[in-house]
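Here's a quick tour to read alongside the structure. Have a look at the fold first, then work through the points below.

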Amino acid sequence: MAHYDLSIIGSGSGNSLITPFWDDKRVVLADKGSGSTAAFGGTCLNVGCIPTKMFVRPAALARGPVEAARLNVTQETTEVDWSAMRDRVFGRIDAISAGGRQYREVELDHVDLVTEQVTLTGDFSQPPFAFVSESGVRAEADQLVIAAGSRPVLPQVPGIDLPGVHTSDSIMRIEQRPEKLLIIGGGYIACEFAGVFSAFGTEVIQVNRSQGLMTAMDADISAAFSAEAEKNWTVHYQRTATRIAEHGEGLRVELVTSDGRVEHQDVDAVLVAIGRMPNTDLIGAREVGLDVHSDGRLTVDEYQRVLSQGEPVAGLYALGDVSSEAMLKHVANQEARVVAHNLEHPDRIRASRHEAIPSAIFSFPEMAQVGITEVQAAETVGAENLTTKIQRYGDTAYGWAMEDGEGIFKVIADRRSGQILGAHVMGYQASNLIQPIIQAMSFGQDAYTAARGQYWIHPALMEVTENALLGLEVPIPEDAPL
Ligand SMILES: Cc1cc2nc3c(=O)[nH]c(=O)nc-3n(C[C@H](O)[C@H](O)[C@H](O)COP(=O)(O)OP(=O)(O)OC[C@H]3O[C@@H](n4cnc5c(N)ncnc54)[C@H](O)[C@@H]3O)c2cc1C
Ligand SMILES: NC(=O)c1ccc[n+]([C@@H]2O[C@H](COP(=O)([O-])OP(=O)(O)OC[C@H]3O[C@@H](n4cnc5c(N)ncnc54)[C@H](O)[C@@H]3O)[C@@H](O)[C@H]2O)c1
């Protein structure tokens, strides 16, 4: 069996662990590939964040005439060239993926690449740690990092494997844009693709099991977004897909409502987006005695060390979707920086940071969040100690310029200290407008200091954020900036 200094499973954020520190050492990187093309480089690059947002931008342009009409400008979207757009997106992405693979496989002499699914094997209570590939390639290493990511959950219903049924792994590469698309799910992926395909002229029917969309977000944002989505495409709640069958050229989906009625939808294609599961089962984590949460995530301590029987195993780390509660690329990247440090400095390991983790949902409208919801905040500090402000975009100068009617920026703070507890946004550029709040929370700035301790460019849209902060009832420190 080949022996290595470092072994990594997963070429997403795991790929960034191969720093110059390892130049004179031996490294093995295993990755079975992502999506329908088994591409190198993980989810974000090939089937996740990056290609989805490359479709979100043209979708926003396709919707341009709606805003233009509000502002007395007549525009028309005359064509959306799906094939050209798809080929442009993947022309760029596939080249980056191929280049990354070539660099690891051919250009780095000290790195060996295994392009197959691998399974952990042997004793995992202490190094060396070993894996075996499907074709029998075995490798052991002094330190091993599990960065094996997650994959889409599929409901076990008849017809789920029919060719027209997609997940985010395949929908972006389809030959033809569907005229009618049924999207199952009400979370991040479902809402982002509903925004994209509806903008391109596809008739979108979004079906969710629960009442409302993005229900894990703050209730005000979930309610406001659901109302907007219902205007922009068709949304049905409290329905579960129970069967999919071929029907003419397309598919017939059987749905059962929460009160037991059976309905059918005839569509060209189906997108299933009901969550993602960590790939712990694919690597055989339980079989070698590693601790796994009830939701399938590997258990790690604050240093990203994997636990076995409640104890960290020295030299065995995990990061990203396979172990993290927040399945987000910026979280996987932060954990990768921590693991890179800890691999190189086992005598002074550092903890990862999981405070003020933000996320954005690039739907129409866009949403963003950081910190806790109002319900969680009331449970944490008591409802009587909260102050909240919902700033409407439309009540700021740039909001007037946009004739914005729906954008809202909600911020929640502790009225005793001014500590910001959360922010929840729906509207144009939500993912950017929220950044000053992320910064204030990360550096421990109170709401008043964050608002008045800096200039805000007038009359930029960012005044929405400033006004939200200024709308909170928080103490004003005696020497506070004016
Ligand atoms: C459609 C979509 C859109 C998204 N958009 C965003 C966004 O806008 N912003 C954001 O922050 N996050 C987004 N995410 C989430 C983000 O993509 C993930 O959180 C991130 O990519 C996880 O990185 P990772 O390194 O943990 O895993 P991955 O990048 O998934 O890497 C894991 C790799 O391990 C390989 N692997 C797994 N098991 C084995 C095995 N047994 N043997 C060999 N190889 C194996 C996999 O094939 C994969 O290549 C999105 C996700 C999806 C699906
Ligand atoms: N912009 C971003 O940052 C971004 C974008 C896409 C994905 N992601 C990450 O990927 C993760 C997975 O995304 P997702 O949208 O698949 O999951 P999600 O957890 O965001 O949403 C899942 C949705 O499916 C519904 N659901 C669950 N089981 C169901 C069933 N059997 N039938 C019908 N509906 C069901 C849930 O009620 C929920 O609305 C996200 O949680 C996020 O961490 C992030």
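**The big picture**

Of this protein's 482 residues, 42% count as buried. Keep in mind that you're looking at a predicted model. It has 14 helices and 23 strands.

**Overall shape**

- A compact globule of 482 residues would have a radius of gyration near 23 Å, and the protein comes in at 24 Å, which agrees.
- Along its principal axes, the C-alpha trace spans about 70 × 70 × 45 Å.
- Take the contacts between residues at least 6 apart in sequence: 63% of them join residues at least 24 apart.

**Around ligand 2**

- Ligand 2 is surrounded by 23 residues, and the closest are Gly186, Gly187, Tyr188, Ile189 and Met327.
- Two elements give two or more residues to this shell: helix H5 (188-199) and strand E19 (358-361).
- H5 provides the largest share, with four residues.
- Sort the shell by residue type and you get 12 nonpolar, eight polar and three charged.

**A five-stranded sheet**

- Strands of a sheet pair through backbone hydrogen bonds, either parallel or antiparallel.
- Here, five strands line up as E19-E20-E23-E22-E21 in an open sheet, with antiparallel pairing.
- E19 and strand E21 (386-392) are the edge strands, each pairing on one side only.
- On average, neighbouring strands of this sheet are turned by 10° against each other, ignoring direction.
- Strand E20 (residues 367-371) and strand E23 (residues 420-426) share five bridges in the antiparallel sense, and methionine 367 stands opposite methionine 426 in E23.
- Helix H6 (residues 219-232) packs on the sheet, touching E20, E21, strand E22 (408-414) and E23. The direction of H6 makes about 0° with that of E23.

Note on methods. Residues are numbered from 1 along each chain as its sequence is written. Chains are lettered from A and ligands numbered from 1 in the order in which they are written. This is a predicted model: local features need pLDDT of at least 70, side-chain atom pairs count only at pLDDT 80 or more; totals for chains, interfaces and linings use all residues. The radius of gyration is taken over C-alpha atoms; the globule rule is 2.2 Å times the number of residues to the power 0.38. A residue is buried if 20 or more other C-beta atoms lie within 10 Å of its own, exposed if 12 or fewer, and partly exposed in between; C-beta atoms are placed from the backbone. Two residues are in contact if their C-beta atoms, placed from the backbone, lie within 7 Å. A residue is near a molecule or strand if its C-beta atom, placed from the backbone, lies within 6 Å of it. Ala, Val, Leu, Ile, Met, Phe, Trp, Tyr, Cys and Pro count as nonpolar, Asp, Glu, Lys and Arg as charged, and the others, Gly among them, as polar. Two strands pair if DSSP finds at least two bridges between them. Axes are lines fitted to C-alpha atoms, for helices over the stretch in contact, and angles run from 0 to 180 degrees between N-to-C directions.
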